[in-house]
Every structure is written in C-alpha cells, then in structure tokens.
Amino acid sequence: MPDTLAVFGGQFDPFHWGHDHVIRQLIPRFNQIIVLPCAHPPHRAVSSTPFHHRLAMTQQATAHWPNVRVSDYDAHHSPNWALHTLEHFQTQYPSATLTLVIGSDQYQVLHTWYRIDDLCAFAHIFVVPRDTHPFTNPHIPVTAKVTHCAAPPRPLAATALRNRWAPDA
C-alpha cells in the first residue's frame with residue numbers, strides 16, 4: 001500500500017463510539033491515522049471541556065490501535081485552519097498522500113472553509129456519513145478528490161451526549 005495518512009479532526013467532546021466507528025472505517029484504507037482534537041476551531045464555538053481533557057479522552061480511546069496517533073498539534077497552533085494543519089503534517093510525513101476526514105455535515109459547508117481551492121488541491125477529502133446529512137455540495141471545486149465512505153452512519157452526536165449529561169437534564 002502506498003504511504004497514506006488520514007487526518008481526522010474534531011472537538012471530540014466527548015470521544016464516543018461514532019468516532020470509533022469512523023476510525024474503524026479508516027484503518028483498512030490508510031497506513032497512518034492522526035486524530036486531532038481541535039482546541040479552538042475557527043468555524044465553531046470553543047468547547048466547554050478543557051482541551052487537555054478531550055486530548056486525554058481521545059488518547060485513551062484510541063490507544064489500542066497501533067497505526068492511530070493522537071496529536072496535540074492544535075493546542076499549540078490554534079485557532080488554526082485545516083490547510084495549515086495539513087501542510088504541517090505533510091512536513092512530518094513528506095512521502096505520504098494526505099487525506100482530510102470530515103463528516104457529511106461539514107462537507108455541506110466545505111466550500112466556506114479557508115482557501116478551499118488550495119485545500120482541495122493539497123489533500124484528498126474522505127467524507128463520512130453523519131445522521132441524515134447528504135453527501136452533496138455543488139460548490140466544491142471540480143478538482144477536489146473526494147471519496148464518500150459507504151458505511152452507514154452511526155446516529156450519535158457529542159452534543160446529544162453532553163445535553164443528556166447536563167446537570168439539569
């Protein structure tokens with residue numbers, strides 16, 4: 001298999017079996033997988049759970065997979081754009097073909113991301129189904145190298161878990 005690297009970012013607040021399901025889809029397709037908890041994503045509100053807790057949860061949840069590495073890169077480079085993150089990992093893995101892993105919810109708004117044309121030229125995009133979000137976005141650059149995961153979605157969102165665990169729930 002050629003040298004392939006998947007970068008799977010998210011808030012992971014908390015890391016749950018839906019994230020586990022995504023990683024299980026990635027393992028047979030990629031030599032290395034980097035799971036990247038985001039400290040301060042530029043397109044979302046900052047998580048109420050401190051970064052170091054989300055990092056530790058993610059490390060513990062993925063420790064049993066030898067080709068999965070959890071990175072704290074975003075703690076030192078945040079807020080950060082996906083393109084800059086991928087450029088960083090390309091310097092760490094210069095021979096690897098990079099793939100950005102996103103959910104279908106983010107795929108629907110991907111055209112609004114920072115320097116989307118450059119991002120699509122730089123890396124492949126692997127789209128994982130989320131709930132009922134479709135795999136469509138007519139605004140994605142025609143040069144984008146997009147793969148849609150055929151696995152069925154796992155209907156679980158971290159927001160629902162946080163709401164269920166809230167003190168007044």
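In which sense do β1 and strand β2 pair, and over how many bridges? The two strands run in the parallel sense, and six bridges join β1 to β2 (residues 32–37). Two strands count as paired if DSSP finds at least two bridges between them. The structure is a predicted model, in which local features need pLDDT of at least 70, side-chain atom pairs count only at pLDDT 80 or more, and totals for chains, interfaces and linings use all residues. Residues are numbered from 1 along each chain as its sequence is written, and side-chain values use heavy atoms, with hydrogens and water left out.

Helices (H or I, at least four residues) and strands (E, at least two) are DSSP runs, numbered from the N terminus. Strand β1 covers residues 4–10. Within β4, T97 stands opposite T4. Six of the seven residues of β1 are buried, where buried means under 20% relative accessible area, exposed over 50%, and partly exposed in between (1.4 Å probe, protein chains only).

Between the strands comes a helix to follow by eye. Strand β1, helix α1 (residues 17–26) and β2 make a right-handed β-α-β unit. A crossover is right-handed if, with the strands pointing away from the viewer, the path from the first strand over the helix to the second runs clockwise. Eight of the 10 residues of α1 are buried, so this helix is largely enclosed by the rest of the structure. Among the buried residues of α1 are G18, H19, V22, I23 and L26. Their cover includes β1, β2, α2 (51–62), β3 (68–70), β4 and β5, with contact taken as heavy atoms within 4.5 Å.

Residues F51, R54, L55, T58 and T62 of α2 are buried. Seen down the axis of α2, the buried residues fall within an arc of 100°, so they line one face of the helix; the arc is that of the directions from the helix axis to the C-beta atoms. On the other side of α2, H52 and Q60 are exposed. The buried residues of α2 pack against α1, β2, β3 and α3 (73–76).

How many salt bridges does a search of the whole structure find? There are three, a salt bridge being a side-chain nitrogen of Lys or Arg within 4 Å of a carboxyl oxygen of Asp or Glu. One of them joins the side chains of D20 and R24 (2.6 Å, N to O). Both residues lie in helix α1, four residues apart, about one turn of the helix. D20 is buried at 16% relative accessible area, whereas R24 is partly exposed at 48%.

Another salt bridge links R130 and D105 (3.0 Å, N to O). R130 lies in the loop between β5 (124–128) and β6 (146–148) and D105 in helix α5 (residues 104–107), so the pair ties together parts that are 25 residues apart in sequence. R130 is partly exposed, with a relative accessible area of 30%, while D105 counts as buried at 18%. A further salt bridge brings together D118 and R115 (2.8 Å, N to O). D118 is partly exposed at 36% relative accessibility, and R115 is partly exposed at 39%.
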